[in-house]
Amino acid sequence: MLNHTEVTARPELRNKNILYIGVKFYYYHQQLIDKLESSYGARVDYFPERDTSILYGIINRLSPSNLEAYQELHYKRVLRQIMEKEYDYFLVIRGFKMPVWFVKKLKELNPSLKLINYQWDSNANSPFINTSTHYNILPEFDVTLSFDYKDVSDYPQLGYSPTFYTDEIKALGQQGENNKQEYDLFYFGSYLPERYAGLQKFIAYAKANNYSLKSHFYMPIRYYIIERLKGVKIDWKLIKLTKMSREDYIANLANAKTIIDVSNAKQSGMAMRVLDALGAGKKVITTNKWVAQDSIFDPRQIAIIDIENISLDKNFIEDNSPLPRKKEFTMDRWIERIFLESFSKVKQPAQ
């Protein structure tokens with residue numbers, strides 16, 4: 001049972017019951033649950049948007065025609081577990097192959113339910129706009145939000161809300177400047193062809209300009225084997241077969257002056273690397289041109305580049321002037337926007 005004296009955030013969610021279905025994304029889903037419960041006094045029931053067992057993986061790869069039927073079973077199992085419970089909020093982050101009947105049943109069981117759909121991916125990468133009738137869940141929600149600038153621009157039913165950085169990043173930003181700053185550049189990410197090409201280009205750029213570069217480029221062994229079988233040349237010395245621990249990531253972020261973001265070409269929203277850098281008071285070099293339209297854009301802190309021709313003002317990296325910590329992207333602000341402010345007014349990105 002929660003000790004209410006521990007609740008330090010806004011009280012509107014205290015004792016509210018939240019059903020949260022979303023992506024199992026590293027540690028973010030659990031940190032969000034912990035925050036809602038410990039700081040806001042809510043009670044959260046969480047279910048992954050899809051079955052995460054080995055059986056799902058087998059069906060997805062070897063018998064994809066049966067995937068929809070398997071997802072139906074998943075949501076029937078979820079429904080059986082929540083039938084006797086009452087909820088105030090229903091939060092869906094993405095909602096891969098969530099059937100419309102499931103959402104309608106929840107609304108029937110909870111007439112006062114407030115429904116929030118948040119897209120942490122782009123429609124181009126993971127379609128959710130105007131899908132087949134069986135999965136077209138968006139019209140069932142009271143609030144529909146996306147982190148993706150282009151999607152918000154293209155689809156008027158979407159409001160804009162960026163994602164968040166965690167309280168660990170917030171604490172790092174509050175510590176002030178780290179005088180050690182061992183690295184001029186920190187390149188962190190997982191394998192995409194454009195990111196691998198970007199890593200090679202930044203290695204060459206750092207060498208040509210006498211900058212120190214720390215990189216951790218994660219590529220699961222199965223992806224490495226698949227790419228090699230396809231004839232893709234990959235220098236094994238540039239990749240890591242294991243993920244960097246969260247503790248090591250925070251330490252490297254603290255010791256770096258500038259964070260590099262080679263964004264997913266199918267997304268236009270700010271990547272977590274960008275938000276982490278802004279929260280920690282670091283500089284960011286990004287390939288995401290859409291960031292320039294956001295009200296937070298500051299050319300002293302964010303440099304937008306063409307990865308095919310890296311060109312930077314020398315002062316951008318070498319200037320050591322203190323930088324602001326962007327408080328707009330804390331987990332608290334995300335929760336306030338999503339659960340509280342979104343039902344009255346959805347904030348749009350600056351044009």
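This is a predicted model: local features need pLDDT of at least 70, side-chain atom pairs count only at pLDDT 80 or more; totals for chains, interfaces and linings use all residues.
Biologist: Happy to. How confident is the predictor overall, and which stretches fall below 50 in pLDDT?

Modeller: The chain has a mean pLDDT of 91, with 94% of its residues at 70 or more. Residues 1-5 have a pLDDT below 50, and beyond near neighbours in sequence this stretch makes 6 contacts in the model. Residues 346-351 are also below 50, with 16 contacts counted in that way.

Biologist: Now the sheet with β1 in it. In what order do its strands stand?

Modeller: The general idea is that strands of a sheet pair through backbone hydrogen bonds, either parallel or antiparallel. Here, 6 strands form an open sheet in the order β2-β1-β3-β4-β5-β6, and the pairing is parallel. Each of the edge strands, β2 (43-48) and β6 (159-160), has a single partner strand, so one side of each lacks a neighbour in the sheet.

Biologist: Which helices pack on that sheet?

Modeller: Helix α1 (residues 28-38) touches β1 (17-22), β2 and β3 (89-93), and its direction makes about 165° with that of β2. Helix α12 (residues 331-340) packs on the sheet as well, touching β1, β3, β4 and β5; its direction makes about 120° with that of β3.

Biologist: How many bridges join β1 to β2, and which residue is the partner of Y20?

Modeller: β1 and β2 run parallel and are joined by 6 bridges. Y20 has Y46 in β2 as its bridge partner. Together, β1, α1 and β2 make a β-α-β unit, and that unit is right-handed. Elsewhere in the sheet, β4 (residues 114-119) pairs with β5 (residues 143-146) over 4 bridges, again in the parallel sense. Opposite Q119 you will find S146 in β5.

Biologist: Let's turn to helix pairs. How are α1 and α12 placed relative to each other?

Modeller: Two packed helices are described by the angle between their axes and the distance between the axes. For α1 and α12 the angle is about 75° and the axes are 11 Å apart. The two helices are therefore roughly perpendicular to each other. Q31, L32, K35 and L36 in α1 meet M331, D332, W334, I335 and F339 in α12. By type, the residues of this contact are 6 nonpolar, 1 polar and 2 charged.

Biologist: And α3 with α4: at what angle do their axes cross?

Modeller: Helix α3 (residues 67-82) and helix α4 (residues 100-109) have axes that come within 11 Å and cross at roughly 10°. That makes α3 roughly parallel to α4. From α3, the residues E72, Y75, K76, V78, L79 and I82 meet W101, F102, K105, L106 and L109 in α4. The contact divides into 8 nonpolar residues, no polar ones and 3 charged.

Biologist: What joins β7 to β8, and which helix lies across them?

Modeller: β7 (residues 183-190) and β8 pair in the parallel sense over 6 bridges, and L185 stands opposite L213 in β8.

Methods
Residues are numbered from 1 along each chain as its sequence is written. Side-chain values use heavy atoms; hydrogens and water are left out. Axes are lines fitted to C-alpha atoms, for helices over the stretch in contact, and angles run from 0 to 180 degrees between N-to-C directions. Angles under 35 degrees count as roughly parallel, over 145 as roughly antiparallel, 65 to 115 as roughly perpendicular and the rest as oblique. Contact means heavy atoms within 4.5 Å. Ala, Val, Leu, Ile, Met, Phe, Trp, Tyr, Cys and Pro count as nonpolar, Asp, Glu, Lys and Arg as charged, and the others, Gly among them, as polar. Two strands pair if DSSP finds at least two bridges between them. A crossover is right-handed if, with the strands pointing away from the viewer, the path from the first strand over the helix to the second runs clockwise. pLDDT is the predictor's confidence in each residue, from 0 to 100.
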